[in-house]
Amino acid sequence: MKKTLVASVSFAGLLTLALCQSANATLSTGTPSPSLSPVFGTLIDFDDQATGTAVGAGDYVSMGLASITETEGLGFFGRYSGTQSSPNYVGTGVNGERGTDASMGWDGTILMQFAKLASMVGIGIADSAGGPEWITVYDSGMNVLESYMATTGANVYNVITRGSYDIKYLEVKGDFFAIDDLQFNSSVIPEPTTMLLFGTGLAGLAALGRRRKE
C-alpha cells in the first residue's frame, strides 16, 4: 500500500511539473553555417543526402524529427545547392510559387514535428528577396505558442527559446526562402498525455492488487 501511494505521488508531482512550468520565450539570432552558433541539442543539416533529392517526411525519424513536410504542395520540396549555406539547403525551388510578393519561386510553408517536446529550436533561413518569413512554434495540440517575423538578411540563424519543454512543431512560412541547420533539444520528461496514460496504468495495477488481497 505504501509503495502504491509513493508511485502515485511521484506521478502527480511529475505531471504538475510538466503542466505548470512557465514559458519565457525569446527570439534571438546567431551565426549560420559554416560557423554555426549557437550549437545545442540535435543538428540536422540536410547534407546527409545528395543535392537534388526530395525531402521525405520520415527522413529524420531516427534523429528525433517525427516528420518534415511542405504543407502547401508548392514546387519540388527537396535539397538544393546554394552559396548561402553549402552544400545543401531545403526549399521548394524556382517552381515553388504561390503568386505573391517576389514571384520568383521558393515560396512555401515548411512544418517540422518533433518526436519529443523541445524548449529550444533553431533554424537557418536563406533569404534575399520577397516577403517576410514567419517562424511559429506550436504545442502538441497545434496551439500557437510563439510567432515571430524572422530577422531579415541574406542568411540569418534564428533561435526560439522558451522556459519550458512544450514545443512540438516548428513552422517556417514565407516567400522566396530556404532553410538549413535545424536544431532542437528534447525533453527527457514524457509528454503530459504519455504521463497520464502511465498514471492510469499505475492506478489500474493498484486496483488489481487490492482486489487480489480481498
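Of the contacts (heavy atoms within 4.5 Å) in the protein chain with a separation of 6 or more, 73% are accounted for by residues 24 or more positions apart. The model is predicted: local features need pLDDT of at least 70 and side-chain atom pairs count only at pLDDT 80 or more, whereas totals for chains, interfaces and linings use all residues. Residues are numbered from 1 along each chain as its sequence is written, and side-chain values use heavy atoms, with hydrogens and water left out.

The protein chain contains 2 helices and 12 strands, taken as DSSP runs numbered from the N terminus (helices H or I, at least four residues; strands E, at least two). Their order along the sequence is α-β-β-β-β-β-β-β-β-β-β-β-β-α. Of the 214 residues, 43% are buried (under 20% relative accessible area, with exposed over 50% and partly exposed in between; 1.4 Å probe, protein chains only). The protein chain exposes about 10,600 Å², of which carbon and sulfur atoms supply 59% (Shrake-Rupley method, 1.4 Å probe; for residues, only the protein chains shown count as cover).

Beyond four places in sequence, Leu182 touches residues including Leu65, Met112, Phe114, Ile123 and Leu170.

Aromatic pairs (ring centres of Phe, Tyr and Trp, the last by its six-membered ring, within 6.5 Å; planes under 30 degrees apart stacked, over 60 edge-to-face, the rest tilted) number 5 in the structure. Tyr89 and Trp106 form an edge-to-face pair, at 5.8 Å centre to centre and 85 degrees between the planes. Tyr89 lies in strand S5 (residues 88–91) and Trp106 in the loop between S5 and S6, so the pair ties together parts 17 residues apart in sequence. The relative accessible area is 11% for Tyr89 and 13% for Trp106. Phe76, Tyr80, Tyr89 and Trp106 form one aromatic cluster.

Ser119, in the loop between S6 and S7, is buried at a relative accessible area of 8%. The side chains of Ser119 and Asn185 are joined by a polar contact of 3.0 Å (N or O atoms within 3.5 Å; within protein, one must be able to donate a hydrogen and the other to accept it, and residues adjacent in sequence count only if both atoms are side-chain atoms).
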